[in-house]
Amino acid sequence: MPRDTRIKTNPGRFFEDYTVGEVIPHAVPRTISGGERALYHALYPARHALYSSDEFARVCGLPASPVDDLMAFHVVFGKSVPDVSLNAVANLGYAEARWLRPVYAGDTLRASSEVIGLKQNSSGKTGVVYVRTTGFNQHGLPVMEFKRWVMVRKRDPEAPAPEAVVPDLAPHVAPGDLVIPAGLDFTQYDFGLAGEPHRLADYEVGEVIDHVDGVTLEEAEHMMATRLWQNTSKTHFDATPRPDGKRLIYGGHVISMARALSFNGLANAQMIAGINAGAHANPCFAGDTVRAWSEVLDKAETAAPGVGAIRLRLVATKGGEPFTLKGEDGKHLPHVLLDLDYWALMPV
Amino acid sequence: MPRDTRIKTNPGRFFEDYTVGEVIPHAVPRTISGGERALYHALYPARHALYSSDEFARVCGLPASPVDDLMAFHVVFGKSVPDVSLNAVANLGYAEARWLRPVYAGDTLRASSEVIGLKQNSSGKTGVVYVRTTGFNQHGLPVMEFKRWVMVRKRDPEAPAPEAVVPDLAPHVAPGDLVIPAGLDFTQYDFGLAGEPHRLADYEVGEVIDHVDGVTLEEAEHMMATRLWQNTSKTHFDATPRPDGKRLIYGGHVISMARALSFNGLANAQMIAGINAGAHANPCFAGDTVRAWSEVLDKAETAAPGVGAIRLRLVATKGGEPFTLKGEDGKHLPHVLLDLDYWALMPV
Amino acid sequence: MPRDTRIKTNPGRFFEDYTVGEVIPHAVPRTISGGERALYHALYPARHALYSSDEFARVCGLPASPVDDLMAFHVVFGKSVPDVSLNAVANLGYAEARWLRPVYAGDTLRASSEVIGLKQNSSGKTGVVYVRTTGFNQHGLPVMEFKRWVMVRKRDPEAPAPEAVVPDLAPHVAPGDLVIPAGLDFTQYDFGLAGEPHRLADYEVGEVIDHVDGVTLEEAEHMMATRLWQNTSKTHFDATPRPDGKRLIYGGHVISMARALSFNGLANAQMIAGINAGAHANPCFAGDTVRAWSEVLDKAETAAPGVGAIRLRLVATKGGEPFTLKGEDGKHLPHVLLDLDYWALMPV
């Protein structure tokens, strides 16, 4: 075997390679086209009209139909993987995600992450890295941002611990901090074309909506989706580490699947404006049948004409009792895949 | 479990919810791009030159290469599912499908269905609903139309039967009723680039063409295809109802696969102008290997320069004796998937 | 069964149907869009920045991001299959592939092959056909060319042998014969956005780079990829001939997978300018996990500003000892899938 065959490959960063305040530009900018949009519709049962029709989007005040907000998230997140989570032991959480500007076919996205916190674990073998990742379009304007924190291995367990910096993370994005796309206007909104008559006033806080349908996942689909975001985390593609030959499905695939299923009952929750918190409660594999339900957590006004905000809990499960999420120990039960808290924009 | 978790989801219409003469606008308009076109080529072995090359289409008098006619059908059909067949017990048939105007990348499609017939079954539990579904582009111009009839459950078996109205359905679209795309001209047609030398005069009524190749189907492919048309009929996606974990494949997937296979021997049957009748004779599942053959049923002239019409029977089978379609009882044998009767346009 | 059901289908050419000097135009021109580009990113873990971002490509002197060079190869190769290799017993090799002009979304590709050699085998049942295949864009300008030779069946073993003509094939493309795209300029190249800091000067001849990651292949993916190039060679789609139901994976799928994996360590080997030689050493099937490594074979200057050329051996394996390629008999061992020799362009 040749010597030094990996000196040019990316070993990823270890815990001691991060410094609070450092901004890490991520590689491989990406131009989005109608192709990515079509694939999103092939991979997920996505039907929200604002992402499906240029005409519908224009009636809502936008110049054309943007790509699904989650596509922007996946692309930006994918770019951050080689610099942030290649040596991650665990993705611990994310918070304060905000969409700042729609992304359209023809836009080119790039991303960078600022290190906003560091805390070595007591074992001395790992530490928690907090970053704020931001995606930008070709004009240098931010399109979305989120904070996440991951547990990263140390290269050298003897390396000294940095001063612990733990950022304040808001428990949820305040409604006043949501950014409404310029020009968005739901006063001419066509509920018939959107697919359901329910407006913000029709939803009650505490109301639960079962999205009814189930989708059984396939290896080819989740790999195509994850590659489409240029997320090359090997655990999603290489079957050899597991005796059953299955690959761990990218958590974002479950988010997109659950969000698309939520059309049935939430067809007018058109745009995702923020993610407050999220847990990938259990791993997901090909063969799992994903179902979803939502709970209305809050409602708010916005300054845009006819546009309100709805805060939703989106739960995805595989089998089991869908509405029983946690055991007596307070932990998610094994059939729970996703427990997400987000804000969407809806006609008032 | 929470109460009333489904009050906002679409329960679908039941038999007593339809009225003859009512026009039902379908939800979720859809903008088509080069992405949908590329996916069509990835999902089916489609090679007809008019759908593959802008240059070839221009020589035939069109402004650019349209999307496959079946793609327009799938999108329009998919839009009608939530309003017409969500509670269908059976899709009984379709007829009088006509393509009225090509669809190009950039077009936005929407659809509506007019109820043209109702007939309660003698059991009192179900009834037959006849609709004429029409797809429109962003200019409000019709791009295609078809009639179909489905058996739909009643919500309340005690509800009174409506007056029976059974529409006259033509046994086939008359050649004079076929709509030739404006500008279509096959006088400069390049048979070399198209792939075969056979023109309309070379085909005889009664001639049978074996399309030779077989394609084995996969779950990931048919689900991506069906989702691409935003057809979310749960039977195509949810593996849990069946012990073998298979999902029923959307009949339109078989139509597109058989039509694409028919290139070999019918490369110059460029555009589909009408569907006269069709039967999905048996269910299709992943693992089935689809083969196809065609029989020439009729030939006709059109008013467009160099453009003729060929009426074809397209049969798709899985295993078995491909040319033996029916048993002694007159019913399709289990290996027959599709028995379709359609009109295509071909150079004279 | 009907008589003569295959008289209109393409039987392919047999050995005696070829004449040295004949130019065979291939059918079915193809317009490429952003959709094909998106699918390429979904099917392969492709991350080279020049193919990912219009902005990055503009900084490198190009008008926009071209489609992956291998996509151009696949499309041109696919067009040649019905005329060159439908009755091939074996694909024996290829050489002297050169990329002559980038392909962009919106371009329409067509192809033709010139017969440059013929040699009947001693058995009298088969012969070797040598062709030079060239792809052209809608302006009639060549975009790439390659030579390949295949063993083809004779229709009639008694047919007389043609005069043997065996073309001179260069062992590799000379650096001076590589065509650098007009305007290409790496003097403003952004290594940070490209993903790695290594320039041509950092690579040594003889250096080996292990690309680390593995990708397990699925039937749905390779069939979608192969169909996307309109390559309809039945062995890739029909599961019925093999007891295990597997389909032989198109060799080009392995090339694209290995090339995409090589980003990790060769992120700046941006454009493929030539292929010198290549062997598909063993068949590849769904379930195989592909890994790749590269060896630097040569380095050269070019006349374009900041642009150098790197000659690479790209090896793909499935399991086994990745760096042991051949047995004592000098033949590739069963775990070796691909052994390719190519030129790429890299910042100096």
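**View 1. Helix 1 of chain A is mostly covered in this predicted model.** Let's start with a helix that hides well: 10 of the 10 residues in helix 1 of chain A are buried. The buried residues are A:Gly34, A:Gly35, A:Glu36, A:Arg37, A:Ala38, A:Leu39, A:Tyr40, A:His41, A:Ala42 and A:Leu43. What reaches the backbone nitrogen of A:Gly35 at the start of the helix? A side-chain oxygen of A:Ser33 does, coming to within 2.9 Å of that nitrogen.

**View 2. C:Ser33 sits in a loop of chain C and touches chain B.** Here we move to chain C, where C:Ser33 is found in the loop between strand 2 (30–31) and helix 1 (34–43). Is C:Ser33 buried or exposed? C:Ser33 has a relative accessibility of 18%, so it counts as buried, the cut-off for buried being under 20%. A polar atom of the C:Ser33 side chain lies 2.9 Å from the backbone nitrogen of C:Gly35. Apart from neighbours within four places in sequence, C:Ser33 is in contact with B:Gly34 and B:Gly35 from chain B, and with C:Ala105 and C:Gly106 from chain C.

View 3. As a general point, two copies of a chain are related by a rotation about an axis and a shift along it.

**View 4. Chain B is laid on chain C by a turn of 120°.** The shift along the axis is 0.0 Å for this pair, and the RMSD is 0.0 Å. In chain B, the C-alpha nearest the axis belongs to B:Gly35, 2.1 Å away from it. The copies use different surfaces here, with 9% of the contact residues of chain B recurring in chain C.

**View 5. Chain A and chain C bury about 3300 Å² between them.** Carbon and sulfur atoms give 58% of that area. Chain A brings 36 residues to the contact and chain C brings 47 residues. Which residues of chain A lose the most area to chain C? They are A:Lys8, A:Met224 and A:Arg227, which together make up 23% of what the chain A side buries.

**View 6. Salt bridges and polar contacts link chain A and chain C.** There are 6 salt bridges across this interface. In one of them, C:Asp213 pairs with A:Lys234, and the closest N and O atoms are 3.6 Å apart. The interface also holds 23 residue pairs in polar contact. On the chain A side, strand 2 (30–31), helix 1 (34–43) and helix 6 (219–228) each supply at least two residues. Helix 6 of chain A gives the largest share, 6 residues. By class, the chain A side divides into 14 nonpolar, 12 polar and 10 charged residues.

**View 7. C:Arg247 and B:Glu218 join in a salt bridge across chain B and chain C.** Their side chains meet at 2.9 Å, N to O. How many salt bridges cross this interface? The count is 6. Alongside them, 23 residue pairs are in polar contact between chain B and chain C.

Note on methods:
Residues numbered from 1 in each chain as written. Chains lettered and ligands numbered in written order. Predicted model: local features only at pLDDT ≥ 70, side-chain atom pairs only at ≥ 80, totals over all residues. Heavy atoms only, no water. Least-squares fit on C-alpha atoms with pLDDT ≥ 70 in both. Contact = heavy atoms within 4.5 Å. Buried area = accessible area lost by both parts, 1.4 Å probe. Salt bridge = Lys/Arg side-chain N within 4 Å of Asp/Glu carboxyl O. Polar contact = N/O pair within 3.5 Å; in protein donor to acceptor, adjacent residues only side chain to side chain. Helix = DSSP H or I, 4+ residues; strand = E, 2+ residues; numbered from the N terminus. Nonpolar A, V, L, I, M, F, W, Y, C, P; charged D, E, K, R; others polar. Buried < 20%, exposed > 50% of the residue type's maximum accessible area, 1.4 Å probe, protein only.
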